[in-house]
Amino acid sequence: MSYEMLSATRLRPSIIAAIFVVMTLLLASAVHANPGGKTEQAWAALARGDAVLILRHALAPGTGDPPEFTLGDCSTQRNLNETGREQARAWRPFLAEKGITDANVYTSQWCRARDTAREIGLGEVTDMPSLNSFFRGRGNREQQTRETIRQVNGLEAHSAIILVSHQVNITALSGVYPASNEGVILALPLSDSPAVLARVAPP
């Protein structure tokens, strides 16, 4: 075997390894770059009124509500703790970074949702009863989801639209199971199966 052939034989594994590394890096770059680009497109759609941001209320320790739950009486409900309030307040600077400094904010009538909406601090907060929780049969899943779709599609807003609701409502609408204080940007108009443009939350 000549020296040239021997050298080529010895180099072949290292060349293959190098090609593998390069291809892996290129694939990783493509995977990571695309979601980032899609997220920026989602923010742009929200800012120009082609999408809506629906977010789960901030942290309110526990599950569901006490048996004595009464709408309008926060003392009978599961409420935000201080961490939850801090989470909600983090939305304002986070949204400002995305060019959103004003919004039409609609909320569930549950105190933890209302307080989240108010702590965001981006404008007047309006009740939208269809965003109320239907966890454990407190409401009507199908009816409220249809009503949310109808109302949101009928809005004539001149700034971004933000909805504050509950996990069950967001999952029923979008198929996404959000964490506390996590939001989902959905393309407008809404439908029975809306396009999920991005999942977002303040850092």
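This is a predicted model: local features need pLDDT of at least 70, side-chain atom pairs count only at pLDDT 80 or more; totals for chains, interfaces and linings use all residues.
Local features need pLDDT of at least 70, side-chain atom pairs count only at pLDDT 80 or more, and totals for chains, interfaces and linings use all residues. Residues are numbered from 1 along each chain as its sequence is written, and side-chain values use heavy atoms, with hydrogens and water left out.

**View 1. Helices H2 and H4 pack together.** H2 covers residues 82–89 and H4 covers residues 111–120; helices (H or I, at least four residues) and strands (E, at least two) are DSSP runs, numbered from the N terminus. Their axes sit 7 Å apart, at an angle of about 45°. Here axes are lines fitted to C-alpha atoms, for helices over the stretch in contact, and angles run from 0 to 180 degrees between N-to-C directions. That angle makes H2 oblique to H4 (under 35 degrees is roughly parallel, over 145 roughly antiparallel, 65 to 115 roughly perpendicular, and the rest oblique). On the H2 side, Arg85, Ala88 and Arg89 meet Asp115, Thr116, Glu119 and Ile120 of H4, contact being heavy atoms within 4.5 Å.

**View 2. Leu95 sits in the largest nonpolar core.** A nonpolar core is a set of buried Ala, Val, Leu, Ile, Met, Phe, Trp, Tyr and Cys residues joined through side-chain atoms within 4.5 Å. Helix H1 (3–47) is among the elements giving two or more residues, and H1 gives the most, with 4. Skipping residues up to four places away in sequence, Leu95 touches Trp43, Leu53, Ile100, Ile120, Leu122 and Ile162.

View 3. Beyond its neighbours within four places in sequence, Val200 is in contact with Thr39, Trp43, Leu53, Trp91, Glu182, Gly183 and Ile185. Pro178 is 22 residues away along the chain, with 9.6 Å between the two C-alpha atoms.

**View 4. Helix H6 is mostly covered.** Of the 8 residues in H6 (167–174), 7 are buried, including Val168, Ile170 and Leu173. These buried residues pack against E1, helix H5 (141–153), E4, strand E5 (183–187) and E6. Just past the end of H6, Gly175 takes a positive phi of about 85°.

Conventions
Buried means under 20% relative accessible area, exposed over 50%, partly exposed in between (1.4 Å probe, protein chains only).
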